[in-house]
Amino acid sequence: MMSKFYLFIVIFAVVNLSHQLYLPGLAPVVYCSASLPSDNHNTICKNEVKLYVNRLDSEESFLPYEYHHFDFCEPEDDMKVVDPVENLGQVVFGERIRASPYNISFGNKESCRKVCTKQYTKNDKDNNQKKLKFLKKNIGLNYQQHWIIDNMPVTWCYPVDEKQNYCSTGFPIGCYVDKNLEKKNACVIDPLFNTKDTYYVFNHLHLIITYYEQQEDKASYIISINAQPRSIDHGNTATMTTCNLDSIHPMAIQLNTDFDITYSFSYEFVEDKTTKWSSRWDYILNSMPHTNIQWFSIMNSLVIVLFLSGMVAMIMLRTLHKDIIRYNQMDSVEDAQEEFGWKLVHGDVFRPPARGMLLSVLLGSGVQIGIMVVITLVFACFGFLFPGNRGALMTCAMVAYVFLGSPAGYISARIYKMFGGEKWKSNVLLTCFFCPGVVFVLFFLLNLVLWINRSSAAVPFTTLLVLLLMWFGVSVPLTFLGAYFGYKRMVIENPVKTNQIPRQIPEASFYTKPLPGIIMGGILPFGCIFIQLFFILNSIWSHQMYYMFGFLFLVLCILIITCAEATILLCYFHLCAEDYHWWWRSFLTSGFTAFYMFLYSIHYYYTKMNVTGLTNAFLYFGYTLIMTWMFFLFTGSIGFLACFWFVRKIYSIVKVD
């Protein structure tokens, strides 16, 4: 009874940790109005509110672009601007945070401020018209800008139904009305967008900045930033003094003519007396669609999988218990001759498999990936990888993977030595380069496509050199070190000896053949992750923020248990059928979960994604192959280690003459 109580406490704590989104020790920035001197505050406060711009992306294209790739306003040469330093994860993810020309003073109200005017002449077709066509094309693809103030995303909130608003972390650069007067994307918010086959650019932005003020020292903290994009034809910008937000003339793009776009913005500060700084992310996270569905689905999957796991465990324990009692009670030679089932193959069950070196290499890499996943999720659950700490998730994963080369080398060497392998140099080199090399080759090909398309997601050449340096300078030496200690250890002693002559395997029924068992083995583990997989794919491809790391950690635990139990169950059935070729089968049985994951990714692409073109398809399935390959290694290693423990356990208990 007490064990169940402690289990409930642990689950409750992990789930609650999924809401701890703030890095321990992170201090908020204190702001104050310019009319109040900073001497009146107990802490140093700032008056200038810095606005940064990030990359632009779209749900209809997998090619993000840097802000300066568009012909938008940029800081003037005389402005002293400093771009924030990006970490490794941000660079790999394609985030490019830059300083902006937008100046905001805390506590003030700006009705209209002109930022810049972009002029396009019909005669300059090689430069200006090309930029205008690029802007028009990406308005049609619904590209979104991503701005950052006080490490918070500038959000664009709009109603998704009568009871709920959705707050997106980006806002559109424009909208399109097609030839049938059907309004696309953001054009539905304003009846003034009513000209067919017209592209409108959102050249004005009104920012509503909400802050919380402490009554004791008048220190203020920014809580949220809400953007209201507008399309306004400013007319004569030389005499412009205010922005008419109710203008009946939106800014429509005109090609092959002299054309100007004036960009402007306005802002105001609104005090919020209820929301504190520690809860300022809640309005974004609570507005995400399907949040309630996710809670219900995860709990439902948890109950189902735990029930199935309990049933599998009960069947295995009862059946094995009877088998072990029966085998241990066989005293006479006649009884021994009538043996049947898994005890018959005791002299062959530990016979080394074919291609044992490859199996040991895959197993070592799978263990490396598994430990990396666990470490990353633990840090995420404790709040170190919250959404405001951009790039921290990818940075943590890559650094952890690099420094976990020793376990990969150790496991690979130990298993290969148990198989009786003698080419230890080849084993170590394959462990260092085979599995990471597959990922790097795929990543390089994808990066080449991004380079050709001048996307911000393309990793710079210098960053590629850094990644190669981490691989060859840190991971490879650590793998050699782990392999050294693995080979120094005594060989793993099996509980029974292996016969010199292999036993003939009887003809198997359809269900005990290798392929049907492998196909069936991946169904149950995939059933416990496919709901969470939907939200992960949404986060990656639909640019939705993922923060349910507590639930993801629970799903990971369920996945490990399910992979282990499903593989053990099928391994037991095959041993009872006197088939002792379990080494590769145990790895492929749980690893086949990755195949179902790939099939689901194909289904997601054709049913949920609104992208077209060969480039987008190549990028999607290229990155999906990387994820599938790593997931295959991870789940395959779980099945192998569980089955290895199970086989050693049952053959160490029975009496073998």
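In this predicted model, strand 1 (residues 48-53) and strand 7 (residues 147-149) run antiparallel and are held together by three bridges. In general, strands of a sheet pair through backbone hydrogen bonds, in either a parallel or an antiparallel way.

Now for the aromatic rings. The structure holds 63 aromatic pairs. Phe 62 and Trp 541 make up one of them, a tilted pair with 4.6 Å from centre to centre and 50° between the planes. Phe 62 belongs to strand 3 (residues 61-65) and Trp 541 to helix 14 (residues 530-541), so this pair ties together parts that lie 479 residues apart in sequence. Phe 62 has a relative accessibility of 9%, and because the cut-off for buried is under 20%, Phe 62 counts as buried. Trp 541 is buried too, its relative accessible area being 7%.

Another tilted pair brings together Phe 193 and Phe 202, with the centres 6.0 Å apart and the planes at 50°. Both Phe 193 and Phe 202 are buried.

Ring pairs also build up a cluster, which links Tyr 31, Tyr 102, Phe 106, Trp 147, Phe 171, Tyr 211, Phe 265, Tyr 267 and Phe 269.

Methods
Residues numbered from 1 in each chain as written. Predicted model: local features only at pLDDT ≥ 70, side-chain atom pairs only at ≥ 80, totals over all residues. Heavy atoms only, no water. Phe/Tyr/Trp six-rings, centres within 6.5 Å; stacked < 30°, edge-to-face > 60°. Helix = DSSP H or I, 4+ residues; strand = E, 2+ residues; numbered from the N terminus. Buried < 20%, exposed > 50% of the residue type's maximum accessible area, 1.4 Å probe, protein only. Pairing = 2+ DSSP bridges.
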